Amino acid sequence: MNVEESYIKELITEYFLNNLDDEGKKGLLLWIKKDKEHEFFFKRYIRELYVLQITGAWNSIYTNKARERVLKKLHRLRNLWTVGIAAAVVVTFVSIVFFSLHHLPVASVVEKKVFSELTKQRDKYQAVLSIGENKKVILDGTEKKVVYADSNSRVIVNDDCEVHYENKELAEDQGVEMHSLDVPRGSEFKVVLGDGTRVWMNALTKLVYPESFRGEKREVFLTGEAYFEVSKDQKHPFIVQTEHINVQVLGTHFNVDAYRNNPEVKTTLLTGSVAVSNKSKSVRMVLKPNEIAIYNKVEEKLTRKVLKNAEDEISWRQGEFIFDDLPLQEIARELSNSFGATIQIADTTLQNYRITARFRDGEDLATILSVLHNAGYFNYSQNNKQIIITAKPD
């Protein structure tokens, strides 16, 4: 490093606290862009600061004395860039701030959006493919390769985190093997089924399906959340089975949220038509585009709701979190599923506290909690592997 490590750490700390003036911000952004090693250092240290903030150990790193040392040394960075380079950095910084103002709930944390591209924690390139009862393959989406082949089919994973099947024509008396795809916490994956149906799978999701479809219907089994673009086939309806409901379609785009730890199962229709029924088939509901069917597991009741924008329900496909007047307990469940954290709301009065906010791809859990905290929604702390949310004092 051209500038000693201790000084850079102090500078990043001031940036983290939103205490740097414009000159300091320009210098730090220029330093980050200068070398990949600088970027990695910044990324790692920002994560450390968030952990310290969550665990309450903040005072061990941030002191008034450290701040004074930073302010005295700021002039050193001002000699590191020319007027032309500084202007380019200003344009970059202004564009980041402009974008952030339209996506964050409060202006005081606008500059923390800069961290999102460098503190990404969710690994979107992992899944486990199970073939039959004994074969398991660990998948990633870093390169195109054949991950499995037998006399009936080849399974290929491309560099877009998508599983593809190349199936041969099977004789009528040949059995069809069942496959399953498991996506762990913090990941996402896609699969193109034997009929061409495309499925986007969210974190903590399992899909069970045949390597190729045969018979009068195309049937899959889902736990978790997935978005389906079903290939049209009037003669062979496509059925998604979950623990509590079934969704039947002929060809359409829809999303099913069937996490086991959620009190509701939600089916959102974007295009076409789907029929949602309970497991006993005593209740059946046909949805139109921009409608959502909500099955309450406790009451065993199926209701429908018209949405302002059904696209918001599948924002997870773009790595976004859109909380549109959602209760905090639902937000906590969604963050827990996505990041693998245990989030406990200690104050029950907060469970139905409704929040509106949007976070783009790349935000880690610490950033999201910090933004919501600074917006005045709640306090939070970490106890071992649990994040505890409490009410802010009056």
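Visitor: What should I know about the model before we start?
Guide: Residues are numbered from 1 along each chain as its sequence is written. The model is predicted, so local features need pLDDT of at least 70 and side-chain atom pairs count only at pLDDT 80 or more, while totals for chains, interfaces and linings use all residues; side-chain values use heavy atoms, with hydrogens and water left out.

Visitor: What is the mean pLDDT of the protein?
Guide: The mean is 76, and 75% of the residues reach 70 or more, where pLDDT is the predictor's confidence in each residue, from 0 to 100. Over residues 54-122 the pLDDT is below 50, and this stretch has 125 contacts in the model beyond near neighbours in sequence. Contact means heavy atoms within 4.5 Å.

Visitor: How many helices and strands does the protein have?
Guide: There are 7 helices and 23 strands. These are DSSP runs, numbered from the N terminus: helices are H or I with at least four residues, strands are E with at least two.

Visitor: Why is Phe228 called buried?
Guide: Buried means under 20% relative accessible area, exposed over 50%, and partly exposed in between (1.4 Å probe, protein chains only). Phe228 has 0% relative accessibility, so Phe228 counts as buried. Phe228 lies in strand E10, residues 218-229, and beyond four places in sequence its contacts include Val199, Leu207, Phe238 and Phe254.

Visitor: And what makes Ser277 buried?
Guide: Its relative accessibility is 11%, so Ser277 counts as buried too. Ser277 sits in strand E15, residues 274-278. Leaving aside neighbours within four places in sequence, Ser277 is in contact with Ile245, Asn246, Val283 and Arg284.

Visitor: Why is helix H7 described as largely enclosed by the rest of the structure?
Guide: Because 8 of the 10 residues of H7 (residues 365-374) are buried. Among them are Leu365, Ile368, Leu369 and Leu372. Gly376 follows H7, with a positive phi near 95 degrees.

Visitor: What makes a space a cavity or a pocket?
Guide: On a 1 Å grid over the protein atoms alone, a cavity is a set of points where a 1.4 Å probe fits but cannot get out; a pocket is an open set with protein on both sides within 12 Å along at least five of seven lines, and lining residues have an atom within 4 Å of a point. Grid points are joined across faces, edges and corners, and a volume is the space filled by probe spheres set on the points. The structure holds 1 cavity of 30 Å³ or more, and the largest cavity has about 60 Å³ of space. Its lining includes Leu222, Glu243, Tyr259 and Lys297.

Visitor: Which residues lie nearest the centre of the largest pocket?
Guide: Lys266, Glu313, Asp324, Leu326 and Glu330 do, out of 36 lining residues. The volume of the largest pocket is about 970 Å³. Helix H6 gives the most to this lining, with 6 residues.
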